[in-house]
Amino acid sequence: MKKTALVLAVLMAVTLVAGCSRQKEEELVMGFVPMKDAESLVESVEPLAELLSEELGIKVKPFTAVNYVAVVEGLGSGQVDFGFIPPFSYVLANSESNARVVLSALRRDGSATYKAQFVVRADSDIHDLDDLAGKKIAFVDPASTSGYLYPAAQLIGLGYDLDKDFETVFAGGHDKALQAVLNGDVDMGVMFVDARQRYGEDFPGAMEETRIIAYTQPIPSVSITVRGDMDGELSERIASALLAIAEDPEALALLKELFDIHGFVRASDADYQVVREVAEALDVDLTGE
């Protein structure tokens with residue numbers, strides 16, 4: 001499968017940088033995936049980095065990756081100390097460099113799961129997932145759980161061949177997948193629920209100009225993941241600092257604005273086992289072998 005091969009190529013890139021680590025406490029690098037425009041996100045997360053710096057007593061430097069795998073690579077090479085990363089990115093990082101999840105983000109409803117949605121223009125002749133043959137689809141990124149892995153697995157489960165039945169593109173961000181639908185560049189786009197509201201300021205007409213035709217099964221939420229060689233005391237300090245920050249109304253408002261995160265809950269690797277099972281449905285070899 002061509003898309004599977006693309007993900008495997010990503011895994012090989014991660015493997016090349018895994019293993020080179022560092023242990024330091026004079027500065028911590030906090031990584032983010034590009035859920036929206038990477039350049040604007042760099043500036044947006046500075047206040048969060050400052051709050052964490054104060055809570056930890058260690059300077060925290062934000063790093064916004066150009067793609068999902070860059071944070072995974074950073075965790076493996078030691079260039080990123082901890083990151084806000086999607087479920088599949090965590091599974092990759094855990095497989096390649098023993099990165100450890102410490103927290104899961106909470107959604108608006110207080111749960112630690114979310115869904116992806118399949119979106120078309122309001123005037124589209126596509127009404128459900130059975131109407132997609134021959135259409136052009138925008139996924140987000142080959143390492144995005146809600147922007148590729150879960151939606152792709154669902155389509156395969158319906159009998160589609162991703163290589164033969166569609167023309168597919170990777171938009172590079174959830175906002176960009178939405179934009180591709182709005183611009184008519186693609187027939188359908190996949191993104192997290194509900195990206196149309198999340199990016200309402202950028203795309204004020206999105207709710208009226210598009211409609212949702214289907215949802216995926218629940219997906220484990222965004223993880224807070226630390227590099228594999230980090231000592232337990234430091235990882236606990238990071239987790240405790242984030243939990244404390246989420247109790248502060250001003251800081252929580254910032255988390256909601258930036259990432260639609262409404263708090264955190266302690267998490268373990270077992271919480272993300274279901275993501276591995278979905279990866280297996282796509283024939284993704286998480287070992288990279």
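Start by selecting Glu-46, Glu-50, Glu-54 and Glu-55, which form a negative surface patch. A patch is built from residues with over 30% relative accessible area and no salt bridge, with like charges joined within 9 Å and nonpolar side chains (Val, Leu, Ile, Met, Phe, Trp, Tyr) within 5 Å. Asp and Glu count as negative, Lys and Arg as positive, while His and the chain ends are not counted. The place of a charge is NZ of Lys, CZ of Arg, CG of Asp or CD of Glu. Accessible areas come from the Shrake-Rupley method with a 1.4 Å probe, and for residues only the protein chains shown count as cover.

The model is predicted: local features need pLDDT of at least 70, side-chain atom pairs count only at pLDDT 80 or more, and totals for chains, interfaces and linings use all residues. Residues are numbered from 1 along each chain as its sequence is written, and side-chain values use heavy atoms, with hydrogens and water left out.

Now pick Glu-46 alone. Glu-46 sits in helix H3, residues 46-56. Helices (H or I, at least four residues) and strands (E, at least two) are DSSP runs, numbered from the N terminus. Is Glu-46 buried or partly exposed? Glu-46 is partly exposed, because its relative accessible area is 34%. Buried means under 20% relative accessible area, exposed means over 50%, and partly exposed lies in between (1.4 Å probe, protein chains only).

Select residues 87-97. This is helix H5, and 10 of its 11 residues are buried. Among them are Pro-87, Phe-88, Tyr-90 and Leu-92. Glu-96 and Ser-97 are also on the buried list.

Step on to Asn-98, which follows H5. Asn-98 lies in the loop between H5 and strand E4 (100-105). Look at its backbone: phi is positive, about 60°, although Asn-98 is not a glycine. Asn-98 counts as partly exposed because its relative accessible area is 47%.

Next, select residues 174-182. Helix H7 is mostly covered, with seven of its nine residues buried. Color these: His-174, Asp-175, Ala-177, Leu-178, Ala-180, Val-181 and Leu-182. Just after H7, find Gly-184, where phi is positive at about 80°.

**Salt bridges**

Side chains of opposite charge can pair when their charged atoms come close. A salt bridge here is a side-chain nitrogen of Lys or Arg within 4 Å of a carboxyl oxygen of Asp or Glu. How many salt bridges does a search of the whole structure find? The search finds nine. Visit three of them.

Show the side chains of Lys-135 and Asp-125. They meet in a salt bridge of 3.7 Å, N to O. Lys-135 and Asp-125 are 10 residues apart, and each lies in the loop between strand E6 (116-121) and strand E7 (136-139). Asp-125 is exposed, because its relative accessible area is 54%.

Move to Asp-194 and Arg-196. Their side chains form a salt bridge of 2.9 Å, N to O. Asp-194 and Arg-196 are both buried. Asp-194 belongs to the loop between strand E9 (188-192) and helix H8 (195-198). Check the backbone here too: the peptide bond from Val-193 to Asp-194 is cis, with omega near -25°.

Then select Arg-227 and Asp-229. The closest N and O atoms of this salt bridge are 2.7 Å apart. Salt bridges that share partners join Asp-81, Arg-227 and Asp-229 into one network. Is Arg-227 buried or exposed? Arg-227 is buried, because its relative accessible area is 0%. Asp-229 is partly exposed, because its value is 30%.

**A strand residue**

Go to Ile-137 in strand E7. Ile-137 counts as buried because its relative accessible area is 0%.

**Last stop: a loop**

Select His-262 and Asp-260. His-262 lies in the loop between helix H11 (249-259) and strand E13 (264-266). Asp-260 is in the loop between H11 and E13. What joins the side chains of His-262 and Asp-260? A polar contact of 2.9 Å does. A polar contact is a pair of N or O atoms within 3.5 Å; within protein, one must be able to donate a hydrogen and the other to accept it, and residues adjacent in sequence count only if both atoms are side-chain atoms.

His-262 counts as buried because its relative accessibility is 18%. Asp-260 counts as buried because its relative accessibility is 12%. Finish on the backbone of Asp-260: phi is positive, about 55°, although Asp-260 is not a glycine.
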